[in-house]
Amino acid sequence: QIGQFIERKRTEDKLIYERYLLESLMDNVPDAIYFKDERSRFIRINRALAEKNGLDDPDEAIGKMDFDFFTAEHAQPAFDDEHEGMRTGQPIIAKEEKETGPDGGVTWVVTTKLPLRDADGRIVGTMGISRDITQRKQAEQALRDSEALYHSLVESLPLNVFRKDLEGRLTFANSLYAKTLGRPMQELLGKSDHDLFPKELADKYRADDRRVTETG
């Protein structure tokens, strides 16, 4: 009996320690962690997801669904993905998702979802982790907007605009430059002055380029 007591105590201590590890992860990881039942209702979420959804306590999410926190634009595809994963047993790895809130706010996450199985291996729900990438997506959009503005500007200028790499090959040119040379744009990119102009003129342009790069 003493041996059984010691073994039971070890098992209990192990379970307590494993629960401590799980609680530490759930309370401190900045990514959203969640577990859902077979109807996509939350059965547990971590503190980060609770705060994101405006909840004071993660337990407030129990029984709720994505439809309670997001518009159908996000909630329905997420629901469909989860039920397809439960049907097939296949995970969803690093999928970018656009989240739209009822207030019109938009956030972006990269999500991994896995089937949740019981002790017998039967699929009884889904579990997942989502990392917020909103700032990255905003930066990417800002870069696209800046590039679009740049191209619009150089196309509207009454000047020949072009860009070369350090080897003197064209990497960009506006339409006016192509028109001035009387060549289609696709024939210009990757070409050097020696491909486009007489040697004497090309040598002069190349020398000018070197002086510019050397002086900064």
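So, the largest nonpolar core: it has 10 residues in all, and they are Ala32, Tyr34, Phe42, Ile45, Leu49, Ala50, Leu55, Ala61, Phe69 and Phe70. By nonpolar core I mean a set of buried Ala, Val, Leu, Ile, Met, Phe, Trp, Tyr and Cys residues joined through side-chain atoms within 4.5 Å. Buried here is under 20% relative accessible area, with exposed over 50% and partly exposed in between, using a 1.4 Å probe and protein chains only. Two or more residues of this core come from each of β1 (32-37), β2 (42-45) and α2. Apart from it there's another core, of 8 residues, including Leu170, Ala178, Leu188 and Ala202. As a bit of background, nonpolar side chains tend to be buried together in soluble globular proteins.

Before I go on, this is a predicted model, where local features need pLDDT of at least 70 and side-chain atom pairs count only at pLDDT 80 or more, while totals for chains, interfaces and linings use all residues. Numbering runs from 1 along each chain as its sequence is written, and side-chain values use heavy atoms, leaving out hydrogens and water.

What is isoleucine 45 in contact with, leaving aside neighbours within four places in sequence? Met26, Ile33, Tyr34, Ala50, Leu55, Pro58 and Ala61, where contact means heavy atoms within 4.5 Å.

Now for two aspartates. Aspartate 66 sits in the loop between α2 (47-52) and α3. Is it buried or exposed? Aspartate 66 counts as buried, because its relative accessibility is 10%. Not counting residues up to four places away in sequence, aspartate 66 touches Lys36, Phe42, Ala75, Ala78 and Glu82; Phe42 is one of the core residues I listed.

Aspartate 81 is in helix α3 itself, residues 72-88. At 18% relative accessibility, aspartate 81 counts as buried too. With the sequence neighbours up to four places away set aside, aspartate 81 touches Ile92, Lys95 and Glu97.

Zooming out, the chain has 8 helices and 7 strands, which are DSSP runs numbered from the N terminus (H or I, at least four residues, for helices; E, at least two, for strands). Its radius of gyration is 29 Å, well over the 17 Å from the globule rule for 216 residues, so the chain is more spread out than a compact globule. That radius is taken over C-alpha atoms, and the rule is 2.2 Å times the number of residues to the power 0.38. Along its principal axes, the C-alpha trace spans about 100 × 45 × 35 Å. And buried residues make up 29% of the 216.
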